Amino acid sequence: MLRREFVTVRNRLTADDVREAAVALAQRALELPELAHARTVAAYVSVGSEPGTPVLLDALRARGIDVLLPVLLPDNDLDWGVYGGESSLARVRHGGKMALLEPSGERLGPDAVSGVDVVLLPGLAVDGRGMRLGRGGGSYDRVLARLERAGVHPALVVLLYDSEVVEHVPTEEHDRPVRAVVTPSGVRRFAGN
Ligand SMILES: Nc1nc2c(c(=O)[nH]1)N(C=O)[C@@H](CNc1ccc(C(=O)N[C@@H](CCC(=O)O)C(=O)O)cc1)CN2
Ligand SMILES: Nc1ncnc2c1ncn2[C@@H]1O[C@H](COP(=O)(O)OP(=O)(O)OP(=O)(O)O)[C@@H](O)[C@H]1O
């Protein structure tokens with residue numbers, strides 16, 4: 001129910017709202033020191049009314065940062081491919097889910113994410129502890145579990161709209177907190193993550 005509420009609010013945004021927010025979001029994100037020093041970043045291609053990432057993806061690439069993008073696997077785990085500009089993306093529909101834009105080139109395997117410096121995560125909300133409400137597929141829960149198993153600690157940053165930074169989101173034992181949230185109005189960091 002909570003997920004549906006956040007999605008409903010997003011779906012009220014106009015195409016202009018989404019575009020304007022995406023420009024501000026990219027500006028704010030590029031102020032992150034974690035990104036200034038990154039060689040490789042895992043991100044995702046926003047669709048519909050999600051906080052827009054295309055401006056940010058191109059800015060990262062222009063800085064010479066390697067950007068990995070997710071490919072949704074049948075079991076909801078994520079494979080990864082390199083972002084090579086807009087022409088390297090293909091629109092893919094997975095079952096009844098919303099159509100995604102995924103990298104169409106070589107697949108690097110699910111473990112490729114263990115080599116990144118920063119993970120930019122999608123979500124629907126985050127709370128004051130840095131706990132994230134995702135879409136419910138558990139894809140990023142798996143990614144975070146894989147990073148933990150590999151013993152690596154990239155900076156975890158969720159991209160959201162301002163109204164999606166809330167007091168509390170319900171969590172389960174497997175959920176892991178993020179270090180920061182970027183919204184069109186700024187960066188908020190969560191202590192200890
Ligand atoms: N742009 C984008 N790419 C992404 C994600 C994302 O949230 N946004 N993911 C984040 O994990 C992964 C894909 N996982 C997804 C999980 C659920 C749905 C989806 O359409 N959910 C429906 C409702 C539930 C369902 O059908 O499963 C919806 O939101 O309407 C899409 C992608 C990787 N790529
Ligand atoms: N490491 C894991 N391996 C396999 N399944 C997992 C793992 N972690 C969580 N799951 C499963 O994924 C499902 C969704 O979990 P949850 O509701 O926390 O998703 P979410 O965090 O909202 O989504 P996402 O991680 O895709 O952003 C649950 O059924 C959960 O048991």
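Modeller: For residue classes, Ala, Val, Leu, Ile, Met, Phe, Trp, Tyr, Cys and Pro count as nonpolar, Asp, Glu, Lys and Arg as charged, and the others, Gly among them, as polar. This is a predicted model, where local features need pLDDT of at least 70, side-chain atom pairs count only at pLDDT 80 or more, and totals for chains, interfaces and linings use all residues. Residues are numbered from 1 along each chain as its sequence is written, while chains are lettered from A and ligands numbered from 1 in the order in which they are written.

Biologist: OK, what makes up the shell around ligand 2, by class?

Modeller: Three nonpolar, six polar and five charged residues. There are 14 residues around ligand 2, with Gly134, Gly138, Tyr140, Asp141 and Ala145 the closest; being near means a C-beta atom, placed from the backbone, within 6 Å of the molecule. Helix α5 gives the largest share, five residues.

Biologist: And which classes turn up around ligand 1?

Modeller: That shell has 10 nonpolar, five polar and three charged residues. Of its 18 residues, Lys97, Met98, Pro122, Gly137 and Ser139 come nearest. Both β2 (66-72) and α5 (139-150) supply at least two residues each; helices (H or I, at least four residues) and strands (E, at least two) are DSSP runs, numbered from the N terminus.

Biologist: What makes β6 and β9 a pair, and in which sense?

Modeller: Pairing takes at least two DSSP bridges between the strands. β6 and β9 (residues 155-159) have four, in the parallel sense, so they qualify under that rule. For instance, Val118 has Ala155 in β9 as its bridge partner.

Biologist: Where do those two sit in the sheet?

Modeller: Side by side in an open, mixed sheet of seven strands, ordered β3-β2-β1-β6-β9-β10-β11.

Biologist: Why are β3 and β11 at the edges?

Modeller: β3 (78-82) and β11 (186-189) each have a single partner strand, so one side of each lacks a neighbour in the sheet.
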